[in-house]
Amino acid sequence: MPDQLVYAMEVTLNGLMAGVMYSLVALGFVLIFKASGIFNYAQGVLALFAALTLVGLQQGQVPFAHLINAVFGTDLHHFGWHLPAVVAIALTAGVMVLMAIAVEKLVLKHLVNQAPIILFMATIGLAYFLEGFGDVMWGADIKKLDVGLPQGISETIESVTADWFGYGFFIDNLDIVATVVAVALVTALTVFSQYSKQGRALRAVADDHQAALSVGISLRFIWVLVWSIAGFVALVAGIMWGTKSGVQFSLSLIALKALPVLMLGGFTSIPGAIVGGLIIGVGEKLFEFSIGPMIGGATENWFAYMLALLFLVFRPQGLFGERIIERV
Amino acid sequence: MKDMSEGYVTADGRQIGGVLMEMKNITLRFGGVVAIKDISFDIRDGEIRAIIGPNGAGKSSMLNVISGFYVPTEGEVWFKGVRRGPMKPYQVARLGVARTFQNIALFDGMTVLDNIMTGRLTRMKAGLLSQALWYGAAEREEIAHREKVERIIDFLEIQNIRKTPVGRLPYGLKKRVELARALAAEPKLLLLDEPMAGMNVEEKEDMSRFILDLNDEFGTTIVLIEHDMGVVMDLSDRVVVMDYGRKIGDGPPEEVRNNQDVIDAYLGVAHD
Amino acid sequence: MLYREAGDFKTTYREDNQTFPIRFDRIAYYTTVAAAFAVVPFFINDYWANAVFVPFLIYAIAALGLNILTGYAGQVSLGTGGFMAVGAYACYKLMTAFPEMSMVLNVLLAGLVTAGVGVLFGLPSLRIKGFYLAVATLAAQFFLVWLFNKVPWFYNNSASGQITAPERTFLGQFVTGAQTSASAKYLFCLAFVFVLALVARNLTRGTTGRKWMAIRDMDIAAEIIGVNPLTTKLSAFAVSSFYIGVAGALFFSVYLGAAEVGESFGIQKSFLILFMVIIGGLGSIFGSFAGAAFLVLLPVLLKNVLVGTLGWPTDLAAHIELMIVGALIIIFLIVEPHGLAQLWRLTKEKLRLWPFPH
């Protein structure tokens with residue numbers, strides 16, 4: 001087997017793994033979009049905030065220590081305890097629910113019936129606020145996140161592939177975990193939205209706000225629910241990304257990649273988010289591998305967006321979206 | 001049927017001209033759904049032509065075909081004796097076809113005056129540079145067209161809301177502004193999609209008067225869709241009746257009123 | 001009582017069409033312009049020029065540009081930073097390739113180049129709308145930044161990857177480079193702002209503006225009444241990008257002097273300009289100025305208060321600034337989606353009736 005092909009296979013596999021990560025973030029977008037028609041730009045920052053909170057709680061950091069120190073001249077840092085990962089994760093999930101309630105009460109409630117683009121811009125404002133808020137609360141330094149997920153190169157895969165191809169593939173254990181978690185999460189969410197009472201209400205709201213209200217569905221409850229779930233998905237994504245590359249601002253930018261994923265997959269389709277994520281993950285890795293060296297590299301910065309852009313020009317409704325017939 | 005190629009004289013003595021637009025065997029499909037099935041009719045210069053039919057009969061689709069928003073799957077549209085090829089809606093507008101919409105389609109962020117001025121966009125020719133400097137052609141043109149628009153504002157009696165943003169207006173006035181915008185284009189053919197839907201009796205009377213006046217004064221040919229039978233019978237010279245995408249009647253109001261198919265479509269058929 | 005229109009009758013359409021129909025407004029406008037050109041240059045120093053006036057003027061141009069695209073034509077763009085970079089790099093290439101060319105011409109040509117690039121990235125707007133388009137413009141943002149970073153031709157193979165503005169004069173005064181005086185920088189930018197704002201006003205009140213707004217408010221209806229969506233959207237992209245390109249050229253050559261693309265024209269810049277437009281007021285010329293002033297002054301003010309007076313660490317102040325800006329965006333969208341411009345308009349309406357509101 002020629003070496004190039006084997007390399008390409010490894011790149012593809014790595015791309016698939018990266019794609020799973022994109023899909024994880026994209027999933028959060030799809031959930032909120034389906035239930036409220038809101039294109040939540042803040043999803044990436046939500047993941048950053050969740051990861052920051054998780055690290056902060058786990059390490060026993062004093063929230064707002066910087067601010068308190070600056071105002072009162074104190075010198076607070078840590079409470080001096082370390083929480084077990086499970087407890088910290090549970091507490092963070094609680095914080096995300098509180099956040100969902102706050103977002104509903106302070107922002108969404110006041111923006112009902114506004115144009116989608118206004119809501120979109122409001123979430124950009126939310127993203128800015130949360131980014132500042134997270135930094136003020138927990139500090140802006142790069143943090144290490146460790147909740148006990150396996151890391152490093154999977155030796156099993158390396159030895160197995162070495163036997164098969166004479167060349168050991170380097171696959172990160174964490175990526176494998178992420179894949180498993182993503183699959184579990186998608187399954188759980190699909191089951192939830194298809195078979196539970198809340199899931200049905202959620203789909204009703206997505207279809208028509210007014211009509212859902214008129215049959216007695218509480219819009220506010222649904223929104224809190226959806227933002228909580230999105231917060232939870234953000235937490236999972238935050239854990240994965242944070243473990244991989246540390247908790248820092250760039251995490252929210254990586255999450256931006258979920259946007260082209262969604263443009264490809266269609267904003268309302270959970271399978272679309274998965275497939276779109278995989279296509280972009282593989283596409284950008286392969287592009288960087290084959291074309292990148294010729295044009296200076298770092299093409300991952302824009303490849304996803306360009307792909308989505310070109311794709312949309314030819315198929316505006318995305319891979320799985322339905323064609324819309326315009327009427328007057 | 002008598003030959004009408006040279007036009008005819010209406011009941012109230014108006015002379016109607018030759019064929020302005022002719023629809024030949026129009027069929028319109030969306031995927032598997034047939035919205036219009038093999039319909040032919042003509043529209044004559046200067047007449048008021050109504051299209052009626054129960055909900056879902058395909059009336060609005062027909063209007064959309066006339067205005068170029070939908071391209072018919074089969075059939076031909078002839079306008080002023082020329083076959084109209086596949087065209088974009090804005091090209092159709094430039095041929096002199098204007099319309100109003102069933103659900104008001106005004107530009108909410110603009111004032112009444114600006115909305116009506118958009119009706120004249122196809123006639124404004126000043127270049128970008130002249131507009132940028134607001135000097136010469138652009139300013140002269142703006143003022144000349146403003147005068148035309150003011151005449152329409154007077155005609156429709158909406159002087160007092162000239163500078164009001166359209167979003168703040170009540171429904172009836174919005175309908176009137178929409179008509180003003182269509183009129184501002186000085187169209188050869190004016191399409192009105194349910195111009196009186198949702199209006200009270202008084203507003204309907206006003207609107208009917210405007211329609212008759214503008215047909216009378218400017219000689220504008222009008223095609224209108226309307227549910228209020230009283231209005232249709234009073235206003236229109238000839239009526240097309242549609243049901244389930246087919247044409248089931250065509251002729252002067254009193255003739256159509258007595259057509260058995262039309263009665264069946266509206267009242268249902270007794271199966272005994 | 002001074003502020004009223006009673007007795008101020010218009011007898012021609014020309015008078016009725018003027019920008020400031022109320023006499024008091026006209027006087028205020030002429031006074032402001034006169035003061036900006038004839039008074040401020042004598043008092044301006046380097047701190048005020050660099051911290052407030054020059055960035056305000058340049059951002060005002062960029063905000064005007066984005067407002068034309070987003071506020072008037074309804075096409076949301078997140079690629080402003082990338083387009084500013086096009087203006088900056090085009091200006092740099094022109095300055096270094098044609099040392100004899102007038103700086104005004106350099107800036108205007110940079111604007112034209114950006115207009116071309118803008119039209120190219122505006123093409124998808126014919127097929128995709130709303131936030132799909134917003135995300136598509138991110139492609140422009142990331143691709144352009146990458147391009148200027150990776151292709152050495154754009155930065156003349158400089159070792160640092162930076163572009164540095166050579167010294168150029170206009171009317172015998174330095175307008176770029178280290179020797180430029182505060183008042184020269186200020187006046188050079190002010191002249192551009194003045195002319196471009198007038199042009200923006202004229203374009204938006206006439207035929208072109210109505211086409212843009214028609215597409216913004218209801219694109220289908222606009223097409224049916226005779227607006228060609230292709231030329232209308234592309235003209236919005238072209239004009240908007242021209243403004244943004246001019247802003248980018250000035251930002252690099254006059255304000256920064258040296259620039260690195262990712263740092264000066266990254267996605268944060270796109271958001272900054274977008275926020276100026278939202279806070280100032282979508283679809284308002286005055287709003288573009290108000291928004292630019294607000295977001296230029298806010299950090300200066302916060303820094304002075306939090307760092308200067310209270311002695312807080314700089315990074316904390318920066319984070320609090322993020323929170324405040326984010327919260328303000330949300331508050332404006334909730335309370336006053338038309339921004340500062342609308343607040344100003346409402347104040348004026350109240351003033352018009354004051355002191356007898358009934």
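Helices (H or I, at least four residues) and strands (E, at least two) are DSSP runs, numbered from the N terminus. This is a predicted model in which local features need pLDDT of at least 70, side-chain atom pairs count only at pLDDT 80 or more, and totals for chains, interfaces and linings use all residues. Residues are numbered from 1 along each chain as its sequence is written, while chains are lettered from A and ligands numbered from 1 in the order in which they are written.

View 1. Residues 261-282 of chain A are 82% helix and 0% strand, with end C-alpha atoms 12 Å apart. For residues 79-103 of chain A, the values are 76% helix, 0% strand and 28 Å.

**View 2. The side of chain C that touches chain A.** Here 35 residues of chain C are in contact (C-beta atoms, placed from the backbone, within 7 Å) with 40 residues of chain A. Elements giving two or more residues to this side of chain C are α7 (130-150), α13 (267-280) and α15 (314-335). The most come from α15(C), with 13 residues. By class, this side of chain C has 29 nonpolar (Ala, Val, Leu, Ile, Met, Phe, Trp, Tyr, Cys and Pro), three charged (Asp, Glu, Lys and Arg) and three polar residues (the others, Gly among them).

**View 3. Packing of α4 and α11 in chain C.** Helix α4 (residues 46-72) of chain C packs with helix α11 (residues 229-256) of chain C at about 165°, their axes 7 Å apart; axes are lines fitted to C-alpha atoms, for helices over the stretch in contact, and angles run from 0 to 180 degrees between N-to-C directions. That angle makes α4(C) roughly antiparallel (over 145 degrees) to α11(C). Residues of this contact comprise 20 nonpolar, three polar and no charged.

Conventions. Two residues are in contact if their C-beta atoms, placed from the backbone, lie within 7 Å. Angles under 35 degrees count as roughly parallel, over 145 as roughly antiparallel, 65 to 115 as roughly perpendicular and the rest as oblique.
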